[in-house]
Amino acid sequence: MDVLTFTAPFNTTGQPAIAVPAALTGTGKPIGVQLAAAYGREDLLVCVTAQLETERPWASHRPPVFPR
């Protein structure tokens with residue numbers, strides 16, 4: 001239920017929002033970032049997200065199964 005605090009404003013206003021992995025800690029744990037755009041600006045959100053993935057590719061990284 002704690003995560004609903006972050007999604008409720010965007011669900012209420014209809015703003016597009018996305019959470020994506022942005023980096024890994026020194027121990028391999030993922031760090032995410034939540035991005036939001038103005039109502040109707042999904043295009044901007046997808047563009048910024050694509051730029052983030054280009055600069056910081058994450059698809060080949062896997063966090064440890066049992067983080068320490």
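The legends below describe close-up views of a predicted model. Residues are numbered from 1 along each chain as its sequence is written, and side-chain values use heavy atoms, with hydrogens and water left out. Local features require pLDDT of at least 70 and side-chain atom pairs count only at pLDDT 80 or more, whereas totals for chains, interfaces and linings use all residues.

**View 1. The hairpin of β1 and β2.** Strand β1 (residues 17–24) pairs with strand β2 (residues 30–36) in the antiparallel sense over 7 bridges, where pairing requires that DSSP finds at least two bridges between the strands. Helices (H or I, at least four residues) and strands (E, at least two) are DSSP runs, numbered from the N terminus. Between β1 and β2 lie 5 residues, and G28 in the turn has a positive phi of about 90°. A23 stands opposite I31 in β2.

**View 2. T49 in helix α2.** The helix covers residues 42–55, and T49 counts as buried because its relative accessible area is 14% (buried means under 20%, exposed over 50%, partly exposed in between, with a 1.4 Å probe and protein chains only). Leaving aside residues up to four places away in sequence, T49 touches I18, V20 and L35, contact being defined as heavy atoms within 4.5 Å.

**View 3. R56 in the segment after α2.** With a relative accessibility of 46%, R56 is partly exposed. The C-alpha atoms of R56 and A22 are 6.7 Å apart, although 34 residues separate the two along the chain. R56 touches both A22 and A23, not counting residues up to four places away in sequence, and its side chain reaches the backbone oxygen of A22 at 3.1 Å.

Technical notes. Polar contact = N/O pair within 3.5 Å; in protein donor to acceptor, adjacent residues only side chain to side chain.
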